[in-house]
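Could you walk me through this structure, one question at a time?

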Amino acid sequence: MASAYLDFIRIRFLMMLAYRVNYYSGIVIYAINIGAYYFMWKAIYGSAETLGGFTVAQMTTYIAVSWMARAFYFNNLDREISNEIRDGSVAVQMTRPISYLMVKMMQGFGEGLFRLLLFMAPGMIVAILIFPVSLPTDPLRWAMFFVMIWFSFLINSQLNILTGLFAFFVENNEGLMRLKRVLIDLLSGVILPMTFFPGWARAILDWLPFQAITYLPGSVFTGRLSGGDAWNALLVQFVWFAALIVPIWLMWRAARKRLFVQGG
Amino acid sequence: MLAIDVHQLRKQFKVQKNREGLKGALLDLFKREHTEVTAVKDISFQIPQGEICGYIGENGAGKSTTIKMLTGILVPTSGRLLVNGYVPYKEREQFVRGIGVVFGQRSQLWWDIGVIESFRLLRKVYRVDEADFKRRLDELVETLQLGDLLNRPVRKLSLGQRMRCELVAALLHQPSILFLDEPTIGLDIVVKTEIREFLKKLNREHGTTILLTTHDLQDIEALCSRVIMLDDGRIIYDGGLEELKERWGKGREVQFQFTDPIPLAAVSALTSGLDVRWTKENEVTAKVWIPRELNVSDVLSRVVGSSAEISDIKIFETNTDEIVREIYRTGSPEAKEAVRG
C-alpha cells in the first residue's frame, strides 16, 4: 500500500517534468520574485541599519529562504480538489481502495519536491551569486529547517484541502480559494515578516496557523529564533498540524454524506 | 450466494432553489431555499452471482445514482444494501477491492502518463501480486488487442481505444462484480461488438457478475439475460428479456406484396373471423397486424391459400427499442403488475 502512495509522488514528479516550458518559466519567475523583493526592501531600508528587528543581510537571507520554503510547500491542491468535485471525477477515485485525501497529499508532495529540487536549488544558487545571502553553517539548523518546511507543507496542504472541500457545499468556491491564497501570502510572512505587523495584529496572528507556514521556518533558518525558541516554533507547527486534522475529518465525513456527483 | 442484494433503497438530494429576479437573488444571498429531490425511490432487487443484468431507463431515471450507491460512492438516504457481502459505503476500502467500475463518460486512467504506467500504479493500489498482474495483463491485452497502445499517453488514444483500456484497468485485480455505466456510449459499431464479445467471454470464463446501464438496447439484447427497468426512481420491470418482449411486444406484422392491385376490403375478407388489422401501404402492398395470441401461420395460410398472387412476404417482430419506447411513453400503470416480488 505504501508503495502505491510513493508511486503517486513519483508520477506527479514525472508529470511536472513532462511540461518543460512550465519548468523553465518557473525558474525565471522565482528568480524575478526574489530579485524584486530584494530591491524593494533595499529601497525601504535606505540608510537604516535595522527595521523590525532585521538587518539588511538578515532580510536578504529571509527573503531568499522564504521563497525557497514557498517553492516546497506551495501547491494547487485546493483548485485540483474543487475541480474534481465539480466535474464529478472524484467519484472515480472513490472506487479505489485508497484514501482520496492521502493521494492528494502525496501528489502535492511530488510537486513540492519537484519545485524544491528543480526550481529552487538552481534559483538559490543564482540568488547567492548575485545577492548577499548568508547561509547558516550549523548542520543542526539546516536539519531543523527541513523538518520545519515539511510541516509548512503539511499545514499549507491541509488549508488547501479544507478550501478545496468547500466545493462540496457551495456551488462555486473560486472566491474562497483566492481569499485563501492572498491570506497565506500576506499573513504567513512571505510578503512581510511578522515583526512588521503592529502589536495588535501580531497578537491575533499568533493564534492563526499562517505564521507556521513561512515565518517560523524562515526565522529559525536565519537564526532569529534559536535554542529553546526554535524548538518552540517546531512545537507550534506540530500543534497546528494535529489541530487541522479535525476539521478536515469532519468536513470529509459531512461531504461523503451529501456528496452529489455532478451529471448523475 | 447473492452478488447484489438491495432492499428498499432510497436516495434523496437537496437541490438549491434559485429565486427569480434581483430581489430573489439578493434573498438567496442570505437565505437559501432547498428542494428535496428523490432520485431513487425505495427500490429492491437481487442479483445472483454470475448474472449479466441490464439496468435501463430514461435519462434522470436514477440509474447512475443507483450504481453510485452500489459502488460505495454515494451514501443512501435509507434502505439496506449488500454487495459482495459488504455494505459499500461503510467498508469502502475493503469493499472496492472486489469490484471493478467503468464509467463510460469519465476516465479512471491518468491523463498524462502512458497507459502501462496507469496499470502499474493500479497494480500497487490494489496490491496485486507481480506474477498475477503479468498473467492477467497479458491475457487482457491479447483479448482486447491493446499491444501497441500500452506506451501511449491516455490523452492520445481514441475513444474506442480508451474504453478498452478502461476495461483492462477495471479488471486487473480480478473483481467478482463489474459495474459498467454506459460502457458503449459514443463508440462505433465495431468496437461495440468487440466489447460485447469480451464481456460475454469474461462472464463465461471467470463467472464475473456484470451490472450495466446503457441506452443502447442492442447491448442488452446481446448480453443480458435479465433486465431491470427504471422510471422516475422506481423499478417498473424486472425480469427476462424474452418475457419483456412477450408482455409488451404488441404482436407481429406481416407485409404482403401482391402481383396485382388489391383492395383493402378484399384482403380483410380473407381473414374474416380472426382478430387482425389490415393496413394498406400502397396499391399492391398490404400489412396485417397479428396479436401475440394468434399464430402467424394461421393468417399466412389463409392469405397464401387464396386466389391472390403473392410476390413477397416479410414478417416484422416488434423490436426491443419499440417496446421500451412504448413503456416509457405509457409510464408505469400497466407495468406495476409486472414488478416481480
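**Where the two chains meet**

Me: Is the crossing of α1(A) and α4(B) left-handed or right-handed?

Reply: This is a predicted model, in which local features need pLDDT of at least 70 and side-chain atom pairs count only at pLDDT 80 or more, while totals for chains, interfaces and linings use all residues. Residues are numbered from 1 along each chain as its sequence is written, with chains lettered from A and ligands numbered from 1 in the order in which they are written. A crossing is left-handed if the near helix is turned anticlockwise from the far one by less than a right angle, and right-handed if clockwise. For α1(A) and α4(B), the crossing is left-handed.

Me: Which residues of α4(B) make the contact with α1(A)?

Reply: Contact here means C-beta atoms, placed from the backbone, within 7 Å. From α1(A) come Ser3(A), Ala4(A), Asp7(A) and Ile11(A). Facing them on α4(B) are Glu117(B), Leu121(B), Lys124(B) and Val125(B).

Me: At what angle do α1 of chain A and α4 of chain B pack?

Reply: Helices are DSSP runs (H or I, at least four residues; strands are E, at least two), numbered from the N terminus. Here they are residues 2–18 of chain A and 115–125 of chain B, with axes 8 Å apart. The pair counts as roughly antiparallel, because that label is for angles over 145 degrees. The packing angle is about 150°.

Me: Which element gives the most to the side of chain B that touches chain A?

Reply: The whole contact takes 25 residues from chain B and 23 from chain A. Elements of chain B giving two or more residues are α2 (63–70), β5 (99–103) and α4. With four residues, the one that gives the most is α4(B).

Me: Which residues of α4(B) are buried?

Reply: A residue is buried if 20 or more other C-beta atoms, placed from the backbone, lie within 10 Å of its own. What covers the buried ones in α4(B) includes α1 of chain A, together with α5 (130–144) and α6 (159–171) of chain B. They are Val115(B), Glu117(B), Ser118(B), Phe119(B), Leu122(B), Arg123(B) and Val125(B).

Me: Which residue just after α4(B) takes a positive phi?

Reply: Moving just past α4(B), we come to a phi of about 50°. The residue that takes it is Arg127(B).

Me: How many helices and strands does chain B have, and what share of its residues is buried?

Reply: Its secondary structure comes to twelve helices and 13 strands. Of the 341 residues in chain B, the buried share is 34%.

Technical notes. Axes are lines fitted to C-alpha atoms, for helices over the stretch in contact, and angles run from 0 to 180 degrees between N-to-C directions. Angles under 35 degrees count as roughly parallel, over 145 as roughly antiparallel, 65 to 115 as roughly perpendicular and the rest as oblique. Two residues are in contact if their C-beta atoms, placed from the backbone, lie within 7 Å. A residue is buried if 20 or more other C-beta atoms lie within 10 Å of its own, exposed if 12 or fewer, and partly exposed in between; C-beta atoms are placed from the backbone.
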